[in-house]
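Trainee: Could you take me through one part of this model closely, in a single connected account?

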Amino acid sequence: MLYETLYQWQIFLAVLYFGLLAGVVFEGKNLIQNAFNKNKIVCVVLDTAFMAIASLLFIFAKNLANYGEFRLYLLIAFVLGIMLEHISIGYLVEKFFVGVYTISRKIGRKIFCYKPKSKFMQKLLK
């Protein structure tokens, strides 16, 4: 009992960190949804995948930090971590993901020497 009382702030911060990781996954999900023009099927699949990954991250954090005991402040810390990531570094994470996507697309075009035949596609891919 004394251990849990003394180290609650460390447990809170550990779960907050996993909430930040879930926020990064959330930003990646949003980027993929925007790439597919928010197609309904893609949205449902990505939302389901995000909820599964976020749930696994929460369970892992709960087991790692608090030996599997559920406390309400753990859930609050996890959700707060997602919100803090979105508010603070969400823009930077989004720019990073867009940059990685752009670079990989350019490298893919150079490797496969893709040259579209229609002028419309050539303008679109420039």
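Mentor: Before any element is named, one convention is needed: helices are DSSP runs of H or I with at least four residues, numbered from the N terminus. The model is predicted, and the values that follow are computed from it. Under that convention Tyr91 has its place in helix 5, which covers residues 90-112. Tyr91 counts as exposed because its relative accessibility is 56%, where the cut-off for exposed is over 50%. The C-alpha atom of Tyr91 is separated by 9.0 Å from that of Glu27, although the two residues are 64 residues apart along the chain.

From there I would turn to the packing of helix 3 and helix 4. The axes of these two helices come within 11 Å and cross at roughly 130°, so helix 3 is oblique to helix 4. On the side of helix 3 the contact is made by Ala54, Leu57, Phe58, Lys62 and Asn66, and on the side of helix 4 by Leu74, Leu75 and Phe78. The crossing in which helix 3 passes helix 4 is right-handed.

Several of these names return in the largest nonpolar core, which has 13 residues and in which Val15, Phe18, Leu57, Phe58, Leu74 and Phe78 touch the most other members. Helix 2, helix 3 and helix 4 (72-88) are the elements that give two or more residues to this core, and helix 3 supplies the largest share, six residues. In soluble globular proteins, nonpolar side chains tend to be buried together.

Charged pairs complete the picture, and the structure holds two salt bridges. In one of them the side chains of Asp47 and Lys29 meet at 2.9 Å, N to O. Because Asp47 lies in helix 3 (residues 40-66) and Lys29 in helix 2 (residues 8-35), this pair ties together parts that are 18 residues apart in sequence. Lys29 counts as buried, at 8% relative accessibility, whereas Asp47 is partly exposed, with a relative accessible area of 35%. Glu69 and Arg71 also meet through their side chains in a salt bridge, at 2.7 Å, N to O. Here Glu69 is partly exposed at 31% relative accessible area, and Arg71 counts as partly exposed at 33%.

Notes:
Residues numbered from 1 in each chain as written. Predicted model: local features only at pLDDT ≥ 70, side-chain atom pairs only at ≥ 80, totals over all residues. Heavy atoms only, no water. Buried < 20%, exposed > 50% of the residue type's maximum accessible area, 1.4 Å probe, protein only. Salt bridge = Lys/Arg side-chain N within 4 Å of Asp/Glu carboxyl O. Core = buried A, V, L, I, M, F, W, Y, C linked by side-chain atoms within 4.5 Å. Axes fitted to C-alpha atoms, helices over the stretch in contact; angles between N-to-C directions. Parallel < 35°, antiparallel > 145°, perpendicular 65-115°, else oblique. Left-handed = near helix turned anticlockwise from the far one by under 90°. Contact = heavy atoms within 4.5 Å.
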